[in-house]
Amino acid sequence: MVSAMKIAVLGGDGFVGWPTALHLSNAGHEVHILDNLSRRWIDTELGVQSLTPMDSIQERTRVWHAETGRRIHFHLLDLATDYERLKNWLREERPDAVIHFAEQRAAPYSMKSDRHKNYTVNNNVNATHNLLNALVETGVDAHLVHLGTMGVYGYSTVGAAIPEGYLPVGIETMDGATASQEILYPANPGSIYHMTKCLDQLLFQFYAKNDCLRITDLHQGIVWGTHTRETRLHPQLVNRFDYDGDYGTVLNRFLIQAAIGYPLTVHGTGGQTRAFIHIQDSVRCIEIALENPPARGARVEIFNQMTETHRVRDLAKLIAGLTGSEIAWLPNPRKEAGENDLVVKNEKFRELGLDPTTLADGLLSEIVDVARKFAYRVDRSRVPAVSAWTRDIAATLNHDPEGRRLKSVS
Ligand code: USQ
C-alpha cells in the first residue's frame, strides 16, 4: 500500500474511468475527475443510452460521499481544447499522479464518417499532447498513467508472443556485426481510433526522453463486465454498459443480446482472436501501475493489461451454450483479418500481484445481474453494427439479424 496521493483522473466519467476513480478514492487517495462529459454527448448524438441507468457525474459523486464519507472532486474541462485551463489546474493542484482516459475510445465510431475520423484524431492527439506539454510547462512531476490498447500491435498472426511494448531486434551494422536494440513493437493499427493510440506512443516516447516525464502506458485488451466492488455499493454508483453497434464491445454485446433473445452478432467467421480483461482487474491494474512508477529519465513503462485471449466465435458458442441463444454469422463491417492467433505476454502484472477474474468465474453473474436485469432498457434497433471501415464494405451490409434493412455510410 502506497501513501495517499492526489490523483487526477482525466476522463473519470467513462466506463473504466468511473470505477477507477471510486477504487482509488476508496483506497484513501484524493481523487479529482477532469472530464468534458463528451461520452454523454455522443450518446445523445447516436440516440443511445447506457444499458444501466446512469446519473449525472455530480449526483454520482454526491452519492459516493453519502455512502463512504469520501469526496471525489469534479472539474468540467476539455483537455483537447482548454489548454490554458488545464495548465492552470495542474499548476494550482499539483497532482502526484495523472491517469489519462480522456480519449474517444470506440473503433467503429472513429470509422463512421470523415467527421468522426477528424474528431477522433483531433480530440485524442490534442488531449494527449496538451497534457504532456502542460506537465512540462508547469514542472509538475506527476506519474502519468495512460490507457492505451492492445490494438497498437495489430492482430496479425506472427507465431510469436507479443512482448510488453518493446521488441528486441538485431540490426546489421556497416562492419557486419549485429547491434542489439529494443524498439517499440511495430505499430499496426486497425482503425482511426487505434491509430491515435499509436501516435500517443510516440508522444510518450519523446516526452520521456526529452523532458524525463514519468510515463506508464497500459496496452489494454477488451474490457468486459460492469460492476466493481465500489460500483456495487449503491445502485446510483452503477457503471455504464454500452451495447450499441458503435460503443458496445464484443463480449458485453453478446451478453445483452443473449438476454434479449437477439441472435449473437458474429462478424464473419468469428475467427478474430482478441485479448480480454474484466473491469475489476482493469481497475486493479491501474492501481498496481500507480504503485510502480518508472524513475525520472527512464523509458516509458509498458504493460500488457489483459488476462486471457479468446476467439470471437468461441465466445459466441460459450454464451449460446449458457443461454440457448442463436448465432448470426454476419458480413464483417470491419477491414480486419478474418482469422488470427494471438499470444500475449502479461507476466508483469501477474508478478506484481494481479489475481485475474476469468470468464469462467464472472460470466454467469454478469448475464443475471446486469444483462437480464436491465434488458427492458434495450433499443433493439441500436444493436446492429453499421459503421463500415470502407465504402465497399458498407455496400455489403444489408440486413440485421432480425431482417431490418441497415443504413450504410455511403
Ligand atoms: N465483433 C463481433 N461482433 C460484434 C462486435 C465485435 O464479431 O458484435 C468483433 C469485431 O469485428 C472485432 C472484435 O469483435 O474483431 C473486437 O471488437 P470490439 O468492438 O469488442 O473491440 P475493439 O473495436 O477492438 O475495441 C475495444 C475498445 C477499445 C479498446 C480495444 C482493445 O472499444 O477502446 O482499445 O477494445 S483491443 O481490441 O485489444 O484493441
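Tutor: In this predicted model, the contact of helix H10 with helix H12 is made by Leu315, Leu318, Ile319, Leu322 and Thr323 on the H10 side. On the H12 side the residues are Leu359, Leu363, Leu364, Ile367 and Arg372. By class, the contact of H10 with H12 consists of eight nonpolar residues, one polar and one charged. H10 covers residues 312-323 and H12 covers residues 359-372; their axes come within 12 Å and cross at roughly 60°. Because of that angle, H10 is oblique to H12. The crossing of H10 past H12 is right-handed.

Next, the sheets. Seven strands make up an open sheet with parallel pairing, in the order E3-E2-E1-E4-E5-E8-E12. Its edge strands are E3 (72-76) and E12 (301-305), each of which pairs on one side only. On average, neighbouring strands in this sheet are turned by 20° against each other, direction ignored. Helix H6, residues 114-138, packs on the sheet and touches E1 (6-10), E4 (97-100), E5 and E8. The direction of H6 makes about 170° with that of E4. Within the sheet, E5 (residues 143-149) and E8 (residues 215-220) pair in the parallel sense over six bridges.

Strand E2, residues 30-35, contains histidine 32. Histidine 32 counts as buried because its relative accessibility is 3%, and the cut-off for buried is under 20%. Leaving out residues up to four places away in sequence, histidine 32 touches Lys6, Ile7, Ala8, Val9, His73, His75, Trp89 and Glu93.

Helix H1, residues 17-26, is also mostly covered, with nine of its ten residues buried. The buried residues of H1 are Gly17, Trp18, Pro19, Thr20, Ala21, Leu22, His23, Leu24 and Ser25. Their cover includes the strands E1, E2, E3 and E4, together with helix H3 (57-68) and helix H9 (279-291). After H1 comes glycine 28, with a positive phi near 100°.

There is also an open sheet of three strands, in the order E9-E11-E13, and its pairing is mixed. E9 (222-224) and E13 (308-311) are at the edges with a single partner strand each, so one side of each has no neighbour in the sheet. From one strand to the next, the twist averages 45°. E11, residues 273-278, is joined to E13 by four bridges, and the two run antiparallel. Here threonine 273 stands opposite arginine 311 in E13. Two helices lie across E9 and E11: H8 (residues 250-260), running at about 35° to E9, and H9, running at about 75° to E11. H9 is also part of what covers the buried residues of H1.

One further strand pair remains to be described. E10, residues 264-267, is covered on both faces, with Leu264 and Val266 buried on one side and Thr265 and His267 buried on the other. Four bridges connect E10 with E14 (residues 327-330), and these strands run parallel. In this pair leucine 264 is opposite isoleucine 327 in E14.

Methods:
Residues numbered from 1 in each chain as written. Predicted model: local features only at pLDDT ≥ 70, side-chain atom pairs only at ≥ 80, totals over all residues. Heavy atoms only, no water. Axes fitted to C-alpha atoms, helices over the stretch in contact; angles between N-to-C directions. Parallel < 35°, antiparallel > 145°, perpendicular 65-115°, else oblique. Left-handed = near helix turned anticlockwise from the far one by under 90°. Contact = heavy atoms within 4.5 Å. Nonpolar A, V, L, I, M, F, W, Y, C, P; charged D, E, K, R; others polar. Buried < 20%, exposed > 50% of the residue type's maximum accessible area, 1.4 Å probe, protein only. Pairing = 2+ DSSP bridges.
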